[in-house]
Amino acid sequence: LAEAHYRFGLRGLSFLPLRSAWAVWIAAKVYRRIGTKVLKNLNLQSDVSVFENRMIVSPLEKIGIVLQSLPVVLSWIPNRILHPWKKIILQQREI
């Protein structure tokens, strides 16, 4: 279920300025890594005690995520030059 939410959320990155989109992409990958660690430990322990422990992403893992993001972010640049971000005005619905 979480994977579907990550994919859906990442689709909205094109509506953010490049630096913001990069930051959100990295944050999503870090939180996804935490989720995969929780699932891995849950599968190993087969009980809910896994939620009593804190799951962390080490600084080295975070650096790896940032380095992995570079090709992705660089691939966004041509499209951003051709189609720069424009402010989208959302209409408010009256309830």
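Colleague: What relative accessibility does Glu 3 have, and how does Glu 3 count on that scale?

Modeller: General idea first: buried means under 20% relative accessible area, exposed means over 50%, and partly exposed is what lies in between, using a 1.4 Å probe and protein chains only. Glu 3 comes out at 31%, so it counts as partly exposed.

Colleague: And what am I looking at overall?

Modeller: This is a predicted model, so local features need pLDDT of at least 70 and side-chain atom pairs count only at pLDDT 80 or more, while totals for chains, interfaces and linings use all residues. Residues are numbered from 1 along each chain as its sequence is written, and side-chain values use heavy atoms, with hydrogens and water left out.

Colleague: What share of the protein counts as buried, out of how many residues?

Modeller: Of its 95 residues, 16% are buried. The protein exposes about 8100 Å², with carbon and sulfur atoms supplying 64% of that.

Colleague: What part of the contacts comes from residues 24 or more positions apart?

Modeller: Contact means heavy atoms within 4.5 Å. Among contacts with a separation of 6 or more, residues 24 or more positions apart account for 65%.

Colleague: Let's take one residue. Which residues does Ile 26 touch?

Modeller: Leave out residues up to four places away in sequence, and Ile 26 touches Ile 65, Val 66 and Ser 69. Ile 26 sits in helix α2, residues 18-45, and counts as buried because its relative accessible area is 17%. The C-alpha atoms of Ile 26 and Ser 69 are separated by 7.1 Å, although the two residues are 43 apart along the chain.

Colleague: With which side chain does the side chain of Ser 69 make a polar contact?

Modeller: A polar contact is a pair of N or O atoms within 3.5 Å; within protein, one must be able to donate a hydrogen and the other to accept it, and residues adjacent in sequence count only if both atoms are side-chain atoms. The Ser 69 side chain makes one with the side chain of Trp 22, at 2.7 Å.

Colleague: How many salt bridges does the count come to?

Modeller: Side chains of opposite charge can pair when their charged atoms come close. The rule used here asks for a side-chain nitrogen of Lys or Arg within 4 Å of a carboxyl oxygen of Asp or Glu, and it gives 3 salt bridges. Back to Glu 3: it pairs with Arg 32, and the closest N and O atoms are 3.1 Å apart. That pair links distant parts of the chain, with Glu 3 in helix α1 (residues 2-10) and Arg 32 in helix α2, 29 residues apart. Arg 32 is partly exposed, at 34%.

Colleague: With which side chain does Arg 33 meet in a salt bridge?

Modeller: With Glu 61, at 3.5 Å from N to O. Glu 61 is in helix α3 (residues 59-82) and Arg 33 in helix α2, so that pair spans 28 residues. Both are partly exposed: Glu 61 has 22% relative accessible area, Arg 33 has 26%.

Colleague: What else does Glu 61 form a salt bridge with?

Modeller: Lys 37, with the closest N and O atoms 2.9 Å apart. Because Glu 61 lies in helix α3 and Lys 37 in helix α2, the pair ties together parts that are 24 residues apart in sequence. Shared partners join Arg 33, Lys 37 and Glu 61 into one network.

Colleague: Which residues form the nonpolar patch on the surface?

Modeller: Patches are made of residues with over 30% relative accessible area and no salt bridge; like charges are joined within 9 Å, and nonpolar side chains (Val, Leu, Ile, Met, Phe, Trp, Tyr) within 5 Å. Here the patch is Leu 60, Ile 63, Leu 67, Leu 70, Leu 74, Ile 77 and Ile 81, with about 710 Å² of accessible area together. Leu 67, in helix α3, counts as exposed because its relative accessibility is 53%.

Technical notes
Areas by Shrake-Rupley, 256 points an atom, 1.4 Å probe, with all protein chains shown as cover. Helix = DSSP H or I, 4+ residues; strand = E, 2+ residues; numbered from the N terminus.
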